[in-house]
Each structure stands twice: as C-alpha cells, then as structure tokens.
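Subject: Structure handover

Hello,

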Amino acid sequence: MCRVISVANQKGGVGKTTTCVNLGIGLVRAGKKVLLVEADAQGSMAVSLGIAEPDELEVTLVNIMEKVINDDDVELGEGIIHHEEGIDFIPANIELAGLETSLVNVMSRETILRQYLDCVKREYDFVIIDCMPSFGMITINALVAADSVLIPVEAAYLPVKGLQQLIKTIGRVRRKLNPTLDIMGILLTKVDRRTNFARDISAQIREVYGNKVHIFENCIPMSVKAAETTAEGKSIYLHDPKGIVAGGYFSLTQEVLADEE
C-alpha cells in the first residue's frame, strides 16, 4: 500500500521543500521506493534536486495534469526524473501558476492530481507532494490526492498564528472532498535551541494543539547547512551527514516509518 503525504502550509519559508526532499531521501535510505511531486510553481524542489533551470524543462507536472484533463494517456514514467540519491521526482515550474487559473472551468477539477497518482502510486511505497504556500486549486488537488498532511511550522510567532486557519482548511477538504484525509502531524522547523523564544513557541504549540494533532517528537534545528543543500542539489545526508539537521530528518523518517507499522 502506497502512502500519499502532502506537505502543506500557507506560509512560505517554513521548510516545506527541504522537508519533502530530506524526508523522501531518508525513506529511500530506509529501503522504501519514493516519488516526490512538486506542486509549487516556484520550482524549488527541482532546484534542490539539481535542476538548474526548471522553466526550461520539457515535461513537468503541468504537462501531465493537462493530459489527464484532456483524457490523453500518460505513459508510465513520463516526466519522472531519477535522482542520484535513489529518489524519483516530478518537477514543476512557473507554468503551474497558469494551470491553476485554467482549472476553474475543468470538470472534477479538484481530483486531477489524484486521478494521475492513482495510476502511478502502485510503483511506490510513498508519494510526497510539495504544496504551494497558498490555498489555490493546485493545493486543493494535493490535499484531495493525499492520505495525510504533514505540516512544517517555523518556531516563530507569525507562522504559528496561521496554523489554526490551515487546520480548518484541511477539515473542510476532509468533509467535502476527501473523507479519509488526516493530519499526520506538525513538524517544528528552524528551531533555534539557543533562544528562550523558540522554546516558548514550541511549548505553546504543544500546549494548544498537542491534544488534537500529533506533534512530531523531534524538531528540525536552525542551521546554515540546511540552506546550503538547495545550492548543492543534494540532500542533507550527503551535504552534512553528521550535522544536527541530518539527525533531525533521520528522526522524522523513523517516526513516519513507525506510524506505518
């Protein structure tokens, strides 16, 4: 059984793409077969995995979704790129923003991505979707396609403030479009362990949401090394294997795997 996980937060800069890449590669290192899907027009995941110019790619998520919309056949493996660290991924670029606008007039517009993933997910143990930092039609597609949502939240005041709205939106999608959707958990990111402020924010999240939503035991610490991985086109496991961020993502991977048992 394949597990489809959407990594979502309407606030940008909280570590969604970094989490997708490093959780995905962590699962590959644990022996799982993983597909990453970039549902964000910024193309950050493609860049993080070594694609220097995502806007120049011939086949991206846009082309695949357009084929589904037009009832054209999508060949198995079409648009999927294999990364040297063992992970498969479907990139996106700026054209995805245009598709979002045109989806408004499409029949069953919320289910286009799910229709595609239903055809390919039998090849994988996990599919992880990197969502846009907004609640447009592409993000709704990602939530409808998912079994669960992982929410990265930066340990700072404003990102935490938006959590309630995000949880409400996930609840609406569950009620109206995807009754099996659940929240896998909240992952605290960019935690500066040297400051009382970060510790206070972390404690506040656990106090307010801990009895409703699972909060991952291990957080992702603040580190310059994590930011450097994007430029390198590789995971934190290769860039800084003994660092605190690699340790954080290793622990997250173990929690996700334990949740499957």
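Two strands are taken to pair if DSSP finds at least two bridges between them. Helices (H or I, at least four residues) and strands (E, at least two) are DSSP runs, numbered from the N terminus. The model is predicted: local features need pLDDT of at least 70, side-chain atom pairs count only at pLDDT 80 or more, and totals for chains, interfaces and linings use all residues. Residues are numbered from 1 along each chain as its sequence is written, and side-chain values use heavy atoms, with hydrogens and water left out.

The sheet

With mixed pairing, 7 strands form an open sheet in the order β3-β4-β2-β5-β1-β6-β7. At its edges are β3 (81-82) and β7 (182-189), each of which pairs on one side only. Strands β2 (residues 34-39) and β4 (residues 88-90) run parallel and are joined by 3 bridges. Leu-35 has Asp-88 of β4 as its bridge partner.

Helix α1 (residues 16-29) packs on this sheet and touches β1 (3-7), β2, β5 (126-131), β6 (148-154) and β7. Contact here means heavy atoms within 4.5 Å. The direction of α1 makes about 170 degrees with that of β5. Axes are lines fitted to C-alpha atoms, for helices over the stretch in contact, and angles run from 0 to 180 degrees between N-to-C directions. Helix α6 (residues 137-145) also packs on the sheet, touching β1, β2, β5 and β6, and its direction makes about 160 degrees with that of β5.

Helix pairs

In the class counts, Ala, Val, Leu, Ile, Met, Phe, Trp, Tyr, Cys and Pro are nonpolar, Asp, Glu, Lys and Arg are charged, and the others, Gly among them, are polar.

- α3 and α4: the axes of helix α3 (residues 61-69) and helix α4 (residues 95-102) come within 9 Å and cross at roughly 25 degrees, so the two are roughly parallel. Leu-61, Val-62, Met-65, Glu-66 and Ile-69 of α3 make the contact with Glu-95, Leu-96 and Leu-99 of α4. This contact has 6 nonpolar, no polar and 2 charged residues.
- α3 and α5: these helices pack at an angle of about 95 degrees, with their axes 9 Å apart, which makes α3 roughly perpendicular to α5. From α3, Leu-61, Ile-64, Met-65, Val-68 and Ile-69 meet Ile-112, Leu-113, Gln-115 and Tyr-116 in α5. The classes are 8 nonpolar, 1 polar and no charged residues.
- α5 and α6: the axes of helix α5 (residues 112-120) and α6 come within 7 Å and cross at roughly 40 degrees, so the pair is oblique. The contact involves Ile-112, Leu-113, Arg-114 and Leu-117 of α5 and Asn-141, Ala-142, Val-144 and Ala-145 of α6.

Salt bridges

A salt bridge is a side-chain nitrogen of Lys or Arg within 4 Å of a carboxyl oxygen of Asp or Glu. The structure holds 3 of them. One is formed by Arg-3 with Asp-259, whose closest N and O atoms are 3.5 Å apart. Arg-3 lies in strand β1 and Asp-259 in helix α12 (residues 244-260), so this pair ties together parts that are 256 residues apart in sequence.

Regards

Terms used
Angles under 35 degrees count as roughly parallel, over 145 as roughly antiparallel, 65 to 115 as roughly perpendicular and the rest as oblique.
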